[in-house]
Amino acid sequence: MSFRARLTLTMGALVLLIAAALFLYLPRKLEREAIALISHKAETLAQLTAFTIHPSLYFEDRAALEEALSGARRDKDVAYLIVTDPAGKTLASMHPERATGGRGVSRELYEVVMPIRDGNRELARLQIGISLARLNREIARARLTMALLGAFILAAALVAVVLIGNLLTRPLTEVAAGARRIAEGELTHRVPAGRTDEIGQLAASFNDMAAKIAERDASLRQLSRRLLSVQEQERVRIAREVHDELGQALTAMKIDLQQLGKRRRELQEPLGAIAHNIDGIVDLVRRIAADLRPSILDDLGITAALEQQLRRLRESTGIATTLTVSVEPQIDMLTGVTLYRIAQEALANVVRHAEATAVEVSLVVNEGRAVLTIRDDGRGMPQSIDAASLGLLGIRERAELLGGSVAIDSPPGEGTMIIATLPLIPMDPDHAHPLR
Ligand SMILES: Nc1ncnc2c1ncn2[C@@H]1O[C@H](COP(=O)(O)OP(=O)(O)OP(=O)(O)O)[C@@H](O)[C@H]1O
Ligand SMILES: [Mg+2]
């Protein structure tokens, strides 16, 4: 669950709890207070009435009794009123049918029963019922008002919770999104910084980290490029040395042997066999030199070099090959070597892993880009690739070093297609070292 969802949920639950507590507690308290008030009124009224009718009871004057009760009768809150003598005979009454016989609070009434005494003698008994209708109406109205108000406050609080949640988590979300982009390799991306709080510090740290990674990445790339270029130079040197020095020495040796053979007839035959072996060694030396750095790449260009690679593949494995080149590209040395090495590794993979019967290579140059595609009809790449495999990694690395990219498409069972795209460096005719 996201931080925002959790925050909103927690705060929402808190608001709900407070609202529920208020809902339950406030009306109850109001009701209790109202009842206390009404009971006070009822007791007071009863006492007052008792006090007022006391003389008329004492003198047993019915007319005076009625007169004394008129005030209580007019009171709208009085639901009923009964005055009985000690024997239980009614002396005066108003709505006696509403009396329940009990005392205290019930749903609709608050009832008081009060003996009226003169000394120890009971003169009469007064029962008064105060109607709670008005009070109940008022409580209901208060409840409704409170519910409406509560609902409004609850809604407002929930909206506020969501807004606050957004407000608090937005910067975090932004930092997270930025960090994700950096993690995905967009090293130039920067997380919005500038806040002075902890989130701002986090963003600043992320940015620092991204800058350091980018720096290290750049220097690693530079190192890689340097190593590759040194490697190529070294290969050129070794190839030349092997080809020129070793080749020449072997050729000289063969000539010496031939001279010797002319002088010593009886040795002609074994010397001829040695010379034949030397021819084989010269061929081998040439092949090793060509593998190290095909002079064909420098002499005849990338198309011829690719052709040669494919011819060798066809001859050694029987896999059918096709080469399509749009136009012979005018490319610089490094791009040419890169294309050559990518093709070399991809074709080696076809031979080693694909079980293919045919392979197509195409080189298309347009819009300042060279696109090299190597496609086979083999079994496709496995789902997971051994982490120790370096071939594909090298292909990608070489392309990226020149600002290019590599895409691999390999639906299971439908062969493998590797597409390397390299930007072409515009060649300055004075300084460039074109491949042809
Ligand atoms: N054309 C292909 N067809 C089928 N599988 C392939 C193809 N190319 C590569 N693979 C698979 O991808 C894996 C990785 O290839 P990669 O070239 O990186 O390593 P490798 O060839 O195994 O070893 P190396 O580091 O010597 O090149 C291979 O092991 C193979 O399983
Ligand atoms: Mg490989």
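Which residues come nearest to ligand 1? Asn 349, His 353, Asp 376, Leu 390 and Leu 392 do, out of the 15 residues around the ligand. The model is predicted. The space that ligand 1 takes is the largest pocket.

**Overall form**
- The protein has nine helices and ten strands.
- Its radius of gyration is 53 Å, while the globule rule gives 22 Å for 436 residues, so the protein is more spread out than a compact globule.
- Along the principal axes, the C-alpha atoms fill a box of roughly 180 × 45 × 40 Å.

**The shell around ligand 1**
- Two helices, α8 (333–354) and α9 (391–401), each supply at least two residues of this shell.
- The most comes from α8, which gives five residues.
- By type, the shell divides into six nonpolar, six polar and three charged residues.

**Polar contacts and burial**
- Leu 390 uses its backbone: an N or O atom there lies 2.8 Å from an oxygen atom of ligand 1. Leu 390 is also one of the residues that come nearest to the ligand.
- Arg 352 uses its side chain, with a polar atom 3.1 Å from an oxygen atom of ligand 1.
- Ser 389 also has a polar side-chain atom facing this count, at 3.4 Å from an oxygen atom of ligand 1.
- On its own, ligand 1 exposes 590 Å², and the protein buries 84% of that.

How values were computed: Residues numbered from 1 in each chain as written. Chains lettered and ligands numbered in written order. Predicted model: local features only at pLDDT ≥ 70, side-chain atom pairs only at ≥ 80, totals over all residues. Heavy atoms only, no water. Near = heavy atom within 4 Å. Polar contact = N/O pair within 3.5 Å; in protein donor to acceptor, adjacent residues only side chain to side chain. Areas by Shrake-Rupley, 256 points an atom, 1.4 Å probe, with all protein chains shown as cover. 1 Å grid on protein atoms, 1.4 Å probe; cavity = no way out; pocket = protein on both sides within 12 Å on 5 of 7 lines; lining within 4 Å. Sits in = over half its atoms within 2 Å of the grid points. Helix = DSSP H or I, 4+ residues; strand = E, 2+ residues; numbered from the N terminus. Nonpolar A, V, L, I, M, F, W, Y, C, P; charged D, E, K, R; others polar. Rg over C-alpha atoms; globule rule 2.2 N^0.38 Å.
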